[in-house]
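Dear colleague,

Please find the structure below, handed over for your use.

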Amino acid sequence: MIPSRYVREIPQRYRLEGGKCLKCGHINFPSRLICPECKSKEFEKTVLQDEGKLLTYTIIRVAAEKFSQETPFAVGIVELNDGVRVTCQIADAEEGDIQIGQRIKLVFRKIQEDGKAGILCYGYKGVIVG
Amino acid sequence: MIGIVGYGAYLPRYRIKVDEIARQWGYDPDSVKKGLVLHEKTVPGLDEDTITISVEASKKALRRAQIDPKEIGAVYVGSESHPYAVKPTATIVIDALDIGPNVHVASYEFACKAGTEAMYNAYALVKADEMKYAMGIGADTSQGAPGDALEFAASAGGAAFIMGKEKVVAEILYTNSYTSDTPDFWRREGEYYPRHGGRFTGEPAYFKHILGAGMALLEKSKMKPEDFKYAVFHMPNGKFPQTAGRKLGFTKEQLEAGWIAPWMGNTYSGSSPMGLTAILDVAEPGELIFMVSFGSGAGSDGFIFRVTEEITNVRDRAEKLRTMLDNNKKYLTYGEYAKYRRKIIINE
Amino acid sequence: MRDVAVIGIGMTQFGELWGKSLKDIFVEAALKATEDSGVDHIDSMYVGAMSSGLFVGQEHLGAVMADYLAVTPIPATHIESACASGGAAFRQAYLEVASGASDIVLAGGVEKMTDTSDVTEVLATAADQEYEVFHGVTFPGLYALMANAYMHQYKATREQLAAVAVKNHRNGAKNPNAQYRNEITPEQVMTSTMVADPLRLLDCSPVSDGAAAVIVASMDVAKKMKKNLIRVKASAQTSGTIALHSRESFTTLPSVVRAAEKTYTMAGVTPDQINVVEVHDCFTIAEIIVSEDLGFFEKGKGAEAAEKGLTSIECKRPINTSGGLKAKGHPVGATWIAQIIEIYEQLSGTAGERQVKNARIGMTQNMGGTGASCVIHILEAI
């Protein structure tokens, strides 16, 4: 992971910063240069809700090499309370723990490592609430 | 009034029982449990480290303090397991919490007392009027060498404290530090696991410094053990803090609320700070708390806190330590634990 | 726009071709197609490949292949649209001929996937790197997210997913170019290694080497060269959101729905008039969802239809008579070209054991990523 590529995503990955369209109110995550809903080009920074519900999930058993020591791990699509959807890992969970429709909270976790000597990459993962 | 305005703790959901570790190496589980007064310990997930633990503990501290993160002028993280050898842990913590960039950060290391060092300096900066708020964090994902006695206790967790002058929940009345060159436990640069001096870690190290700092603190404050409702000492296992407390004149009852090691293990830099959060979770206004940490090398930091009315407003704003410790556990086999703690040599 | 025909086809065996290189297999397929068509030259060529750069370390594929095919200095262009690279390459060839800019164009596709160690990582480059792949998701994982949503929404069963793989292996067994020519049972599918719940190994298309090429020509050229005229009746290409999570539903693919609408309109046919179809069954769930999005089955009924055998060779409108990506193999860039080769053979009556009776109108559907791009063509025997 080249540091510059990582640093650009920090506001989104660490703090869930998105862009709210000033014209139609649609929240883009990550923010964009043009709104896919109304084509407006003006946005304001907004911080996403960190809770939502699980729309679908899977358990990855065969992963790319950089994730191969972590298998099996769960990945899901979470719809946050403000309607924004994100793909993320569901941490601390395994087969049998997870169900579609569960409440999920986003937490701060290590997502990947660039080998033994490269940078550590952090961001959001979901955990099942209660 | 200067003191803690927000606090929070975090510990992972994974656990391993002392029995499981003992069986792996051929120890008698019952005598280990009895000798160390230890049942189980926390284990970090593969995606957890001192940085993620610091962030989650700090989020709770911020939720309790309800302050603007931008007003925090310093963030110090004490740990003996900083994920980067060179690059401060707090650089990531402040960006995750939207603190800064006008903020002073540093990584501290002093074996198990790096967390109270961070708290001490955060407090000092606020007291010196350098800034409105400062945060001190103690967090670790400590490692004991496989088969070593340390492996029964070395665990993961952390606590964060925001120091300030307004809406203080626990006023800091007195502090004291006690330090000497005592090589009871160390890790040389480039080594993976720490080494220690066996029984030398007891009397000449842990007890000498805890008692030294503790007695000096009592003398400085002109207080007596019975003036305190609670006391918490560094918890390398379940037994040592009980013995240290007794030697200083504290009762079992005073230690009970903060005595979390038997079910959590030793979270190193997070140990006595997490014990302090467990006390704040239950303390009532006006009550006094006596705290002494210990870090090998060696040294101890002592604090005396007085809980204020504000505690009743803030403590329910975030999850309490005992709730995390007693619920949502997932037990690991030694094999899973070895994988989670990266004790197995794999092909990269 | 003038009428365009396919006048020659050629492909390599699909599979683990350890002894052959990226160049070897493309040139082999291209030479076969050129010889099959009988033309003595081509005016230009397109090479569809998803990621020769990451698989083999070779980019600039247009020039590489033109050089080794000994056709320089004609224009030669590499087209990339993930798993839809072959379809997109063909569409460029079709448009070039239809526009009158060229008379004879080669459209080929190739992928050499066994020359790399981390196929999973390379394939994942077709999804959103920062907001999907960063989190560890794989392609089987993304389709598993769809499969789980589909099973949850429509109460579809594991057996129904397995039926797709069983049917495609039965067809693949009759295809001499297929990577897998063995029939499998539903039990084998449902007990194969779990890859990404609920998808198992036998729900997934394999890692393959292979190349395929066709010669596209104007109808005037075609009439001079050929007895069987296979006309390109309609061509459409669409795009969609790169990330699966950006879609309103995970059980339909808007890019497929839109491309299908456009091709049906352009061809002036309805789904009922299609006699034979090749769809992008990278995973069993994909064939089910696509069979609905193409209008062959009601939404939510595709899984049941697969289980009832409504897509088998004997049926009114068989799907994936070639064995599909599942059994025939999925050398990514070559996949769609191989699909059109199957339809060409079906419409020409040369599909052998797999021949669908009286096939006159055929369709191919090819998509990239989780449906972020889609290419559909309808061909007709004149």
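The radius of gyration quoted here is taken over C-alpha atoms, and the globule rule is 2.2 Å times the number of residues to the power 0.38. The model is predicted, so local features need pLDDT of at least 70 and side-chain atom pairs count only at pLDDT 80 or more, while totals for chains, interfaces and linings use all residues. Residues are numbered from 1 along each chain as its sequence is written, and chains are lettered from A and ligands numbered from 1 in the order in which they are written.

Chain B as a whole

For the 348 residues of chain B, a compact globule would have a radius of gyration near 20 Å; the value for chain B is 19 Å, which agrees. Along the principal axes, its C-alpha atoms fill a box of roughly 55 × 45 × 40 Å. Chain B contains 13 helices and 14 strands (DSSP runs, numbered from the N terminus: H or I of at least four residues for helices, E of at least two for strands). Of its residues, 56% count as buried, that is, with 20 or more other C-beta atoms, placed from the backbone, within 10 Å of their own. Among contacts in chain B between residues at least 6 apart in sequence, 78% join residues at least 24 apart; two residues are in contact if their C-beta atoms, placed from the backbone, lie within 7 Å.

A helix pair in chain B

Helix α3 (residues 50–65) and helix α4 (residues 89–96) of chain B have axes that come within 9 Å and cross at roughly 40° (axes are lines fitted to C-alpha atoms over the stretch in contact, with angles from 0 to 180 degrees between N-to-C directions). The angle makes α3(B) oblique to α4(B), since angles under 35 degrees count as roughly parallel, over 145 as roughly antiparallel, 65 to 115 as roughly perpendicular and the rest as oblique. The contact involves B:T50, B:I51, B:S54, B:V55 and B:S58 of α3(B), with B:T89, B:I92, B:V93 and B:A96 of α4(B). These residues divide into 5 nonpolar, 4 polar and no charged (Ala, Val, Leu, Ile, Met, Phe, Trp, Tyr, Cys and Pro are nonpolar, Asp, Glu, Lys and Arg charged, and the others, Gly among them, polar).

Contacts of chain A

Chain A places 16 residues in contact with 17 residues of chain B. On the side of chain A that touches chain B, β7(A) has the largest share, 4 residues.

Yours sincerely

Technical notes. Buried ≥ 20, exposed ≤ 12 C-beta atoms within 10 Å, placed from the backbone.
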